[in-house]
Amino acid sequence: MRDAENTGSILITGASGQVGGELVRLLASLGTIHAPTRAELDLADPASIRRAVQTLRPRWIVNPAAYTAVDRAESDREAAFAINATAPGILGEEAARINAAVLHFSTDYVFSGDGTNPYRESDPTGPLGVYGASKLAGEQALAASGAAHINLRTSWVYGTTGRNFLLTILRLARERESLTVVNDQHGAPTWSRDLARLAAIILTQAPDAEAARRFQGTYHATAQGEVTWFGFAQEALRLSRRSGLDTRFARLTPVTTRDYPTPARRPSNSRLDCTLLASTFAYSLPPWQQSLASVMEELFAASPAAPAA
Ligand SMILES: NC(=O)c1ccc[n+]([C@@H]2O[C@H](COP(=O)([O-])OP(=O)(O)OC[C@H]3O[C@@H](n4cnc5c(N)ncnc54)[C@H](OP(=O)(O)O)[C@@H]3O)[C@@H](O)[C@H]2O)c1
């Protein structure tokens with residue numbers, strides 16, 4: 001039995017994050033946006049989640065917020081599971097009460113990364129670390145909640161703001177003489193804005209929970225193509241050099257994952273097959289090179305004149 005209908009608005013969690021920030025801008029034309037701060041909606045606190053949803057009564061809940069510190073999660077399991085595993089289930093339960101739908105974001109790290117084939121949605125999962133395990137548990141909790149839901153698994157998210165590989169590499173390449181970058185993990189770097197565009201397409205095609213149920217399930221959603229972290233860094237520095245703004249860069253050296261030990265193990269194969277997304281929503285994210293070029297243009301446009309060599 002449902003409590004009452006929703007208000008027609010869109011609740012976006014994690015608005016300070018890479019994807020959340022883009023969602024707030026790109027979904028604005030589709031309804032009133034509620035973008036609570038962590039103080040107003042703390043995913044680590046079930047009561048806070050229930051209170052926020054019951055007060056705002058949105059039509060859609062879009063949940064890009066997550067505990068995304070992959071290495072820290074190894075020693076902070078409880079927090080990672082509270083935010084990534086328990087919270088999506090509670091969002092789902094509250095959504096079901098008011099007949100709202102949930103658009104959730106998950107990760108390639110739910111897979112073990114064996115082999116070289118792109119993973120399909122139906123392939124067996126097997127996370128290598130706490131972060132991946134917590135995200136997988138979140139997918140399952142949402143699916144069990146009874147809410148109309150769509151779960152987008154993406155990979156290697158970057159953009160013009162926030163903590164991401166691209167911005168780190170661009171900074172380190174100016175600060176250091178040489179840089180080593182892992183060259184045996186394969187995936188698709190995905191621009192946060194492309195994911196927000198996809199979200200806008202999904203919410204347009206499925207404006208309410210009833211429509212969302214027709215699309216319900218998990219979809220792989222990454223940029224087209226594949227590359228290693230080393231190849232991605234190489235292309236970013238090539239574009240940066242071409243802009244003429246930066247004149248000096250560190251030398252890049254490819255290394256293996258074994259040469260660069262981290263607390264969390266990472267999949268060597270992060271390739272996701274996005275065929276289902278394309279056939280369902282008639283949309284594919286652009287090739288990673290195209291989006292990287294757009295991001296670099298935006299970064300150059302925002303940066304001050306080139307410093308003297
Ligand atoms: N980044 C990647 O490479 C990557 C790859 C694959 C999948 N994904 C998935 O894609 C989604 C978006 O990732 P992203 O890169 O945009 O993440 P992000 O930039 O790290 O942002 C995470 C957001 O979650 C919020 N958050 C964390 N803990 C919270 C809590 N207890 N209560 C409320 N909000 C909380 C953060 O708020 P604060 O600013 O207050 O910390 C921040 O706004 C996530 O679901 C992630 O798992 C990411």
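Is Trp229 buried or exposed? Select Trp229 to start: this residue has a relative accessibility of 14% and counts as buried, because the cut-off for buried is under 20%. The model on screen is a predicted one.

Phe165 is partly exposed, at 22% relative accessible area. A search of the whole structure gives 9 aromatic pairs. One of them joins Phe165 and Trp229, with 4.5 Å from centre to centre and 45 degrees between the planes, and is tilted. Phe165 belongs to helix H6 (residues 165-175) and Trp229 to helix H9 (residues 229-243), so this pair links distant parts of the chain, 64 residues apart.

Keep Phe165 and select Phe232. Their ring centres are 5.8 Å apart and their planes stand at 25 degrees, so this pair is stacked. Phe165 in H6 and Phe232 in H9 are 67 residues apart in the chain. Phe232 counts as buried, with 1% relative accessibility.

Now move to two other helices. Two packed helices are described by the angle and the distance between their axes. Select helix H1 (residues 18-26) and helix H7 (residues 192-205): their axes come within 8 Å and cross at roughly 45 degrees. That angle makes H1 oblique to H7. The crossing is right-handed.

Finally, show the side chains at this contact. H1 contributes Gln18, Val19, Glu22, Leu23 and Leu26, while H7 contributes Ser192, Arg193, Leu195, Ala196, Arg197, Ala199 and Ala200. Coloured by type, the contact residues divide into 7 nonpolar, 2 polar and 3 charged.

Note on methods: Residues numbered from 1 in each chain as written. Predicted model: local features only at pLDDT ≥ 70, side-chain atom pairs only at ≥ 80, totals over all residues. Heavy atoms only, no water. Axes fitted to C-alpha atoms, helices over the stretch in contact; angles between N-to-C directions. Helix = DSSP H or I, 4+ residues; strand = E, 2+ residues; numbered from the N terminus. Parallel < 35°, antiparallel > 145°, perpendicular 65-115°, else oblique. Left-handed = near helix turned anticlockwise from the far one by under 90°. Contact = heavy atoms within 4.5 Å. Nonpolar A, V, L, I, M, F, W, Y, C, P; charged D, E, K, R; others polar. Phe/Tyr/Trp six-rings, centres within 6.5 Å; stacked < 30°, edge-to-face > 60°. Buried < 20%, exposed > 50% of the residue type's maximum accessible area, 1.4 Å probe, protein only.
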